[in-house]
Every structure is written in C-alpha cells, then in structure tokens.
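Colleague: Can you walk me through this one? I'd like to start with the cavities.
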Amino acid sequence: MGNYDNLLKPIVIRGKVIKNRMISANSLPHFLQGPETYPADGIITHYVNRAKSGAGIVTMMGINDFNEDKHMPMNTDGPHFPDFHLYDSQSQNYLLQLADAIHFEGSIACMGFFVASNKYPILKTKGPMDEGHLEFKTVECPMEPLFDPTPEDYDNYHKAARDAVRRCDKETMDWVAESYAQQCKILKFLGFDMASIHMCYRTQIMTKFMSPLTNDRTDEYGGSTENRCRFALNILKRIREEVGNDFIIEILISAEEDKYGGYTLDDSVEFLKLASPYVDLVQLRASDADGNHPTNYEPLEVPTLEQASYIKSKNTGVLITTVGGWHNPDTCEKALAEGKLDMVSMARAWVSNPDYGEMIYEDKTDDIVPCLRCNKCHGRGPNDPYVSVCSVNPKIGIEHRLDVLVKKPGSPQKVAVIGGGPAGMKCAIDLCDRGHKVTIYEMDSHLGGAIYHSDFVDFKWTLKEFKDFLIYQVGKRDIEVRLNTKANPGDIKKEGYDIVISAIGAEPSKPPILGVDGNNIFFGADSMINPGKLGKEVVVIGGGEVGVECGMNLAKKGHNVTVLEMRNSLAADSTIMHFRSMFKEYWESIPNFKGICGVNVKEIKEDGVKYACANGKECFIKADSVVLSTGMRAKQTEALSFYGTARRFYAIGDCTKAGTVQKAMRDAFAVASQI
C-alpha cells in the first residue's frame with residue numbers, strides 16, 4: 001500500500017476482519033441529534049460517511065445517561081449527547097439500519113457507552129409469556145468539576161466521590177454489571193460487532209472505584225490495584241459471559257492520573273493484564289477530558305503516545321490504541337511501524353476531513369485538511385447557539401442535507417474573487433473544482449488575508465498549517481492569482497466576468513478613546529507580524545481571544561504585557577468545552593503576561609493608559625506601546641461597491657460580518673455550491 005503499509009494493514013480481532021488500523025473513535029459533533037431515542041438522519045449520515053471514508057471501526061456515541069426528560073445546563077457536554085433507547089423496538093429498528101449501513105461500507109459497527117451514567121436499566125420479566133418491563137437503579141455519582149475549577153473544587157469533588165464509593169453496595173455493583181451486559185447483548189442482537197466502554201477521568205461509578213483519589217475503601221474493593229479494579233473487572237467479565245467470544249470489547253481508560261497524583265502507568269498495566277480475558281482493545285486517554293482534546297497550545301502532537309508505547313511494551317494481552325492529536329498519517333504510520341501501538345483512534349481527523357481515509361488509500365495526503373484544534377466541534381462560545389460546526393469543514397452539521405442544499409454545477413462561468421483571504425481562497429478552490437474559471441485579486445503581496453499573521457506566532461501553528469494548505473490548494477489548480485492588485489469596480493467590470501464575489505474582509509475598529517490616534521498605537525495583527533516595532537512595556541486594550549493571543553505572543557518575545565478587559569474574564573467568548581481552560585492554563589504559564597478585568601479605559605497617553613478600575617477608582621499603567629484589539633469592522637460599503645460589475649454578485653466572509661474561520665468556510669462553500 002505504498003507509504004502507509006502499517007496503517008492500512010488489516011487486523012483480525014475475535015474472528016472479525018478489520019480492514020485497516022484506523023479507528024473512528026467514539027466522538028460526534030454534538031448537536032446532530034435532537035431528543036430522538038434513535039439515531040436520526042444527521043447521526044446516520046455522519047457515521048456512515050466515516051465508514052465510507054475508510055475507517056476500519058466506526059464507534060458511535062449513543063448509550064449515555066438514561067435520564068428521560070433531563071434538563072441540564074446547555075453549556076455542558078452531557079445534554080447534547082444522543083441517548084439511544086436499546087429496549088424500544090422502534091428505536092432498535094433505526095439502530096439496526098445504522099449498523100447495516102456501516103457494514104455496507106465494510107467497517108465494524110461499534111457502540112460507545114459514554115457519559116457518566118448514574119441510571120442503569122435492566123429488563124425484567126415475570127414469566128416466559130409475560131411482557132418485559134424496565135427497572136432502573138440510580139447510583140450516586142458526583143461529577144468532576146468543569147470550567148476553571150479551583151483546587152478547593154477538586155477537594156470537594158473527591159470527597160463527595162469517596163462518599164459515593166463507600167456507599168456503593170454489592171447489590172448495586174451486580175445491578176450495574178448486569179445492566180452493561182444486557183445492553184451489550186442487545187447491541188449484538190441488532191448487528192453491532194463491538195462495544196466501547198468508557199472508564200476514564202473518574203466519571204462512571206466503577207471508574208471512581210479504580211482511582212485511589214476517589215476510593216478509600218478498606219474491603220476487597222479498595223486498597224490494592226486489583227481490589228480497586230475488582231468492580232470494573234466484574235462488569236467486563238459479566239459482559240463477556242453474555243456476548244460470547246465473537247464480540248469485540250474495547251475499554252477507554254486514562255493511561256495514568258499523572259495530573260492529579262492518582263494511579264500510575266504500572267497500575268494500568270496490572271489492570272489490563274487482569275482484564276485481558278474479557279477485553280480486546282484499550283484506548284488510552286489523558287488524565288482528564290481537556291487533556292484528551294489537545295489544542296494548538298499543547299506542545300506534543302500526540303500527548304499520550306509515549307504512555308501507550310510503555311504500556312504496549314509490557315505485553316498485557318490487550319491491543320493498544322490512543323486518541324487525541326492523531327491527524328498526520330505519517331505520524332500514524334511511524335507509531336505503528338515502531339510498534340508503539342496496534343491501532344490509531346482518531347476523532348477530529350474524520351470531522352475536519354469527510355474523506356480522510358480515502359485520501360490515504362489514494363495517496364493524496366497533501367489534500368488532507370489540517371485541523372485547527374479549536375474544539376468548536378464541541379460547541380462554540382458560551383453565548384452562541386449550540387449547533388454542530390467545524391472551522392475547516394463547512395459540511396459538518398449539514399451532511400444529511402447536502403443533496404438538497406448543493407446544486408449541480410452549471411455551465412462554466414468566468415468568476416472574479418476579490419480578496420485572497422480564507423473565504424476567497426476556499427471559494428475559488430470549490431468553484432474551480434466545479435468547472436469554473438476563477439481569478440483571485442489580492443491587494444497584498446501574499447495570500448492569507450486575516451490569517452496571514454499565523455506565520456509569525458508559534459502557538460498559531462495549526463492556523464498556519466491551514467493557511468498554507470489553502471495557498472497550496474489554490475496553487476495546484478488552474479486559478480489565476482493577481483497579487484499586489486487592488487481591484488476596483490470599474491476595472492472589474494471591463495474584464496467581462498459572469499460572476500463577481502467580494503471577499504475583502506474586515507478592518508480593525510478604533511474605540512472612542514481619547515488619544516486613540518497616538519504614535520504609540522498598534523493594531524493586533526501588526527503587533528504579531530512586527531513585534532520589534534513595539535517597546536518593552538505593552539498594554540493591550542481588549543481581552544477577547546485575539547487580544548489575549550496578541551499579549552501572549554508579545555510576552556513570549558520578551559515584552560512585559562498587561563491586557564485590559566472591560567468584562568469580568570479574559571477570552572470570555574472562547575469555546576467553552578475543552579478549549580478555554582487550556583487556553584487559560586497557557587496564558588497563566590507566561591510570567592510576563594497579566595490581565596486586568598472589569599476596567600473601563602479612559603485615555604491613551606504617550607507614556608501609558610488611564611482607566612477606571614472595577615471599583616471605580618482611576619488608575620494608570622505605564623506603556624511604551626498600546627495594542628488595540630477591540631473588534632473588527634466589516635468592509636461592507638467597499639464590498640458592495642462591486643455590485644453591478646457582473647451578471648451575478650455575491651459577498652462572503654468577514655466583509656458581510658466580521659467572524660471566524662468557520663463562518664468564512666461556510667460562506668465560501670455555500671456560495672460556490674450554488675454556481
């Protein structure tokens with residue numbers, strides 16, 4: 001298979017042939033499913049596309065809380081996960097269809113048991129001719145604190161978890177084991193080949209037993225590693241008894257609890273050796289959920305790889321895989337070739353690339369779209385509506401509607417795209433692929449637009465990869481690029497284009513602050529590109545995500561930086577799930593960076609900035625240079641001036657409303673899909 005012999009090599013587990021070593025891990029853009037208790041069209045289409053792309057195993061998220069009519073805060077993970085009703089015959093019909101569709105693509109169908117369940121169902125019958133009925137047992141299971149928890153929050157959580165573990169009796173443990181076993185048996189009956197049991201992060205009750213942080217029992221379920229894992233082992237043993245020898249069982253565990261001082265890698269080795277009669281595959285994860293969704297601030301490409309290598313070297317009898325950061329197929333191939341793991345579990349790779357596996361099979365890996373690691377597939381900011389999106393894949397969230405939304409390509413058109421930023425490049429690429437002749441006009445000497453600054457900021461490496469990817473894709477197509485060319489409506493009209501698309505972006509806005517036009521003022525992007533122009537002492541006005549990144553970049557380059565923010569927290573609009581907490585951890589690690597919140601800037605002077613503190617007191621901070629990061633203004637008037645220069649006109653990206661890469665990609669794809 002050329003460059004990816006190991007990644008594409010089949011493997012046999014429990015007599016089932018898996019076509020390659022690529023696993024689509026138990027993941028999902030969170031909001032493809034409504035309240036349905038069965039996989040809806042959005043879910044089915046998304047997972048089947050992963051199988052169609054080439055995933056050897058496709059793992060669904062679907063068996064979760066069993067909390068009917070649950071009402072939980074919108075800004076948490078749990079309420080948005082699907083919760084399929086295995087015991088309902090009508091829901092079973094759709095589950096059967098889902099498994100069958102995955103099999104049609106030659107992949108293994110796996111169902112994940114995911115969220116920290118606290119309600120466990122069992123089907124009871126009174127006699128052989130009686131109709132079965134469900135009974136539930138609710139188990140106390142306190143949840144790990146989220147959203148910037150303090151050490152005190154963790155102390156309180158561990159105390160509550162230890163109390164819950166102490167109170168869990170043998171009858172409850174047997175009930176939980178029977179519930180898992182019964183549900184796995186139903187899955188096998190419905191055509192699923194495999195179950196994936198989540199045992200990470202001290203979430204589920206049996207996982208709390210496994211950790212010395214949350215288990216201080218002194219009986220046979222506490223103390224030693226074997227004792228602490230006894231409850232989990234009983235569950236796995238009961239599942240294996242119920243499903244037989246031709247059903248694959250995967251477990252997900254934190255490789256170690258190094259971040260908190262809990263169990264060690266050697267404890268995991270001991271547990272896996274004990275679990276090996278029942279378990280076929282272990283997916284090793286980080287100490288907590290955040291760490292398992294690495295961002296661009298994580299220095300390691302795959303944070304858990306060396307942990308996996310260590311555990312695999314101990315010959316536990318269980319196949320080893322990890323998840324979190326896998327995207328580059330060369331990295332995947334190298335890890336497999338070096339014997340560091342047996343399979344590769346990926347999540348965001350399939351989200352950012354609907355045809356990820358096919359590109360590897362066809363040796364077109366230069367067409368794999370880089371993932372930004374922005375984690376917007378988990379949801380956007382705290383004040384945004386919850387929809388499923390991907391910053392670089394505009395099809396996410398609408399895959400099941402593309403046959404309606406996307407028109408068939410029309411006759412070839414001559415198209416001008418005004419602006420060579422991300423929206424302009426993406427639109428030009430898609431238009432060229434649909435058979436149109438495209439010319440990009442870019443006023444600067446380079447393509448990139450609003451994301452050009454990523455060349456100069458080390459922690460923006462994922463954005464730089466994406467920018468370079470777009471430029472490469474433009475270059476490999478028959479797209480004319482006119483750099484150093486500021487388009488004007490008169491000249492564009494003379495060229496005789498059929499269609500003109502304005503993608504000229506936005507420009508920094510100036511706040512109404514006294515002294516804002518001083519000589520010591522810089523805008524955010526310029527401060528990133530030319531940090532040497534700024535003095536030693538820097539104040540950044542505006543502590544949103546971009547302002548914080550400007551400050552971090554300058555601080556890392558030796559400046560002393562203070563960010564002033566009018567709201568009560570920095571980066572308040574950042575992605576709340578598995579991003580902002582790691583973002584905050586990163587900026588707090590930079591010694592010469594600090595933020596002051598709840599302030600109102602009054603005046604910019606030559607030697608500093610005057611502002612009103614949160615208590616209303618007037619304050620002053622010295623500064624050699626001041627960076628403005630107070631938002632962007634869409635260049636609407638200039639964009640609309642191109643109306644009338646061709647038969648059809650469109651405006652896309654930041655020139656309609658300043659936004660994100662995700663908005664730019666969706667705008668560009670949507671317009672190109674109509675032409």
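Modeller: First, the term: on a 1 Å grid over the protein atoms alone, a cavity is a set of points where a 1.4 Å probe fits but cannot get out, and lining residues have an atom within 4 Å of a point. Grid points are joined across faces, edges and corners, and a volume is the space filled by probe spheres set on the points. This is a predicted model: local features need pLDDT of at least 70, side-chain atom pairs pLDDT 80 or more, while totals for chains, interfaces and linings use all residues. Residues are numbered from 1 along each chain as its sequence is written, and side-chain values use heavy atoms, without hydrogens and water.

Colleague: How much space lies in the second largest cavity?
Modeller: About 60 Å³. Its lining includes Met210, Arg228, Tyr263 and Asp267.

Colleague: Which helix gives the largest share of that lining?
Modeller: Helix 8, with 3 residues. Helices here are DSSP runs of H or I, at least four residues, and strands are runs of E, at least two, numbered from the N terminus.

Colleague: And the largest cavity, what lies nearest its centre?
Modeller: Cys371, Cys374, Cys377, Cys390 and Ser391, out of 13 lining residues. The space is about 90 Å³.

Colleague: How many bridges join strands 13 and 16?
Modeller: 4, in the parallel sense. Ala416 stands opposite Val500 in strand 16.

Notes. Two strands pair if DSSP finds at least two bridges between them. On a 1 Å grid over the protein atoms alone, a cavity is a set of points where a 1.4 Å probe fits but cannot get out, and a pocket is an open set with protein on both sides within 12 Å along at least five of seven lines; lining residues have an atom within 4 Å of a point.
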